[in-house]
Amino acid sequence: MTSMVTRAVGAPVARLEGPAKVSGAARYAAEYPQDHLAYGWIVPSPVARGRLDAVLIDPAEEDVLAVLWYGNAPELAKSDDPELAVLQSDEIRYRGQPLALVIATSLEAARRAAQAVQLEIAEEDHDVELRADHPDRYTPETVVPDVPAESSTGDVEAALTSAPVTIDVTYETPPLHNSPMEPHATIARWDDQDLILYDSNQHPSGIADTVGAIFGLPAGRVHVVTEHVGGGFGSKGTARPNAVLAALGARVTGRPVEVVLPRQAMFSIVGHRAPTLQRIRVGATEDGILTAIDHQTCTQSSRLLEFVESASVVTRDVYPVPNLRTGHSVVRLDVPTPRWMRAPGEAPGMVGLECALDELAVELGLDPVELRIRNSPANPRYVECLRSGAARFGWSERDPRPGQRLEGEWRLGTGMAGATYPASAMPSTARVRALGAGEYEVAIAAADLGTGARTILAQIAADELGVPIDKVHIRIGDSTLPQASVAGGSSGSASWGWAVTGACRELRAADGSSDEATFDTTELVQQQKENRHASGAHFAEVRVSTVTGEIRVSRLFGMYDGGRILNPRTARSQFLGGMIMGMGMALHEESVLDPAQGTWVNHDLAEYHIPTHADVEWIDAAWLDQPEDDLNPMGSKGIGEIGIVGSPAAILNAVWHATGIRIRTLPARLDKILTATP
Amino acid sequence: MRLTVNGAQHHLVGLDPRTTLLDALRERLHLTGAKKGCDHGQCGACTVLLDGRRVNSCLILAITQQDAEITTVEGLGHRGAPHPVQQGFLDHDGFQCGYCTPGQICSAVGMLDEVGKGWPSAVTTEIPDPNGDLLTDAEIRERMSGNLCRCGAYPNMVPAIKQAAGR
């Protein structure tokens, strides 16, 4: 059959919400005008551990409607997430924990009153220092995302002993913060017994369920509006305390209440990527075939929740190794709870693995691209990324010896690393309606965090319905629409696109007998192919100042297999964005916990250094664009996270090539360069 | 007190003197194009033009600006008739989540005006150089570095700004 309609999938369609975003018309959570809006301001704990005895309120501040704390706050139902039990207990489990919420008729009054609140606290000794020899270190049963903490194949110790070439190194990654530009924010309003939440999150359906359960509301009585989201990177995947606090405040005051987290509070309340101490031992034959890997990660979690950053898990899948052991241990400390941050597990884990392999390549005298090719016999797409990426980057001109290129004060070097991320889909439901005159409405409670999801779903629906994309009206970002999975785990397009495809096909199959179709993918995704991955290769060129130690990334290139690329315009932006966050991880980003105070020392955007315009020089991404048709109807694999997987290692490996210095404790700050000896 | 925003004069009754220009715009005038990312002048999301110069509106008390002409992203252009910088961002996918975008766009407009006046930046090598190009990629990156973008849309903003400047 010939179609009159040009295929929308695969075309560089501009973001549907672009005109609204560049004109300031796009509305984010805290931007919905409300009559009699009141403002909530959190009073954070000034200590890391202790008990809250009393909250004393300065009576001088006018315009204060309520000060809520555990002594007077309404009781909430228990939640799986202890962090959502806000104002329910006198126990202080980390510095920055919300101890009270001040609600006032203006933002200024709320902030001032919150600063004037006096807390009577019985402080206790705290411990926020992660050490590999910490006496409380233990092995958990599972790590994120609910997989076994340990694995073992073959005899690792024997293989390491007999291997002609071995590497034994320790890599450390610091705590990192997601730091989306839009703070976590909620406006809550009770309409009779219904709760309306304008909330910044990655999962409207999930937020509605979670917050509804906490307030004892039946399904359907919570309405979450999430039209635009100013980034999340994992930190908005579940309901955060701002949503519960706003709803509590609104219930007590009878007004709509807005709670926007101050940037400083985001460092404590909404999660961080936990630090990792990774020991990696690798054994190989003289021609570079891996015979053994042992990858052990030590990390931290909070007193409230066991959340274990799964840095060793990635090593189970990338290269086939006959003798493989991976494991994790964790120490529960008086720290804020770590959570998901873009590519949890993979991002830090591939620093350890791919830097260790670079060290192995040097030991073997083997090109690092060739080392990876030799160890990927059953992964042709990965090999193609390595080969094609190397050719496009100009890798073959590289002198393998370190410290050979000097231009003025700058030492130049190049490095590379592999990339991988699981490809999966989660159950979702979509609805399609024929509106007449050849127009259609597609509805699903997905969230577009800047990924391009809204646009991609319109492209998919247009092709399935056989109409131009401007005939498709997309409705997302609202929990009253059909249930959608979280915008996380690089699974959004696969999960929601699958549901949209199914609904469109059912509508067409009805052949006019119905003007509406709904499709639930729950059964289909249970049968999806397991252990599939997107893959890629990153190549970096850096220059390192011999005077200041400053590191500049002159070139950064990513070559990817993401299955079918649904929209090359938004895909390129996502790849580049991940790579730039990876640059931050390699060179700039580091959250510092003060052992004495138990607080993040650098808890703002002046001192937590994310990449700026001036940090990004030449950068590009390319892809194979080969559909993986047995994975989902689109043949696509998620691409939201793979850009940060391996790109930090490529940069660190380039720093070694430029200088002869191995930076094994991230980030590669200039003081570490200046004080190191090659 | 009064505020002149995007050519319209507003009279604000009972405004708390502690109110920042950013909060006055967002909470009182519902001009939510100016974004609050950090409230401390560290991220640039709140950038607006004050008598044509780019400023962080979170660091300015509204009551001190009664005689200023304030331009927000809403005043630069609209959906039907975007400003050339807005059009550049659309043409080059110069944003993802869009939250830093109004600040980036206002900042770029102010920056292009500074370049037009021949103001140097930290990477300008020859001063004064009337024939020199103050709109190299390096100049744009340096001059825009007060505006953070966590999505990492920087590489697409550079050609967007160049297009708007007619380069």
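This briefing describes the domains, the core, the helix packing and the chain contact of the structure above. The structure is a predicted model, in which local features need pLDDT of at least 70, side-chain atom pairs count only at pLDDT 80 or more, and totals for chains, interfaces and linings use all residues. Residues are numbered from 1 along each chain as its sequence is written, while chains are lettered from A and ligands numbered from 1 in the order in which they are written.

**Domains of chain A**

- Chain A is divided into domain 1 (29-47 + 49-125 + 179-269), domain 2 (142-176 + 273-423 + 531-675) and domain 3 (425-526); domain bounds come from an automatic or database domain assignment.
- A distance of 36 Å separates the C-alpha centres of domain 1 and domain 2 of chain A.
- Domain 1 of chain A gives 16 residues to the contact and domain 2 of chain A gives 23, where two residues are in contact if their C-beta atoms, placed from the backbone, lie within 7 Å.
- The side of domain 1 of chain A that touches domain 2 of chain A has four nonpolar, seven polar and five charged residues. In this classification Ala, Val, Leu, Ile, Met, Phe, Trp, Tyr, Cys and Pro count as nonpolar, Asp, Glu, Lys and Arg as charged, and the others, Gly among them, as polar.

**Domains of chain B**

- Chain B is divided into domain 1 (2-76) and domain 2 (84-164), and their C-alpha centres lie 22 Å apart.
- The contact between them takes 16 residues from domain 1 of chain B and 15 residues from domain 2 of chain B.
- On the side of domain 1 of chain B that touches domain 2 of chain B, the elements giving two or more residues are β3 (47-50), β4 (53-56) and α2 (73-76) of chain B. Helices (H or I, at least four residues) and strands (E, at least two) are DSSP runs, numbered from the N terminus.
- The largest share of that side, three residues, comes from β3(B).

**The nonpolar core**

- The largest nonpolar core has 258 residues, and Val102(A), Ala461(A) and Val655(A) have the most contacts inside it. Such a core is a set of buried Ala, Val, Leu, Ile, Met, Phe, Trp, Tyr and Cys residues joined through C-beta atoms within 7 Å.
- A residue is buried if 20 or more other C-beta atoms lie within 10 Å of its own, exposed if 12 or fewer, and partly exposed in between, with C-beta atoms placed from the backbone.
- Beyond its neighbours within four places in sequence, Val655(A) is in contact with residues including Gly413(A), Val542(A) and Ile663(A).

**Helix packing in chain A**

- Helix α7 (residues 346-364) and helix α14 (residues 647-659) of chain A pack at an angle of about 35°, with their axes 8 Å apart. Axes are lines fitted to C-alpha atoms, for helices over the stretch in contact, and angles run from 0 to 180 degrees between N-to-C directions.
- Among the residues that meet are Met350(A) and Val351(A) in α7(A), and Pro648(A) and Leu652(A) in α14(A).
- The residues of this contact divide into six nonpolar, one polar and two charged.

**Where the chains meet**

- In total, 45 residues of chain A are in contact with 48 residues of chain B.
- On the chain A side, the largest share, seven residues, comes from α13(A).
- The residues of that side divide into 23 nonpolar, 14 polar and eight charged.
- Helix α1 (residues 21-28) of chain B is mostly covered, with seven of its eight residues buried.
- The buried residues of α1(B) pack against α2 of chain A together with β1 (2-5) of chain B.
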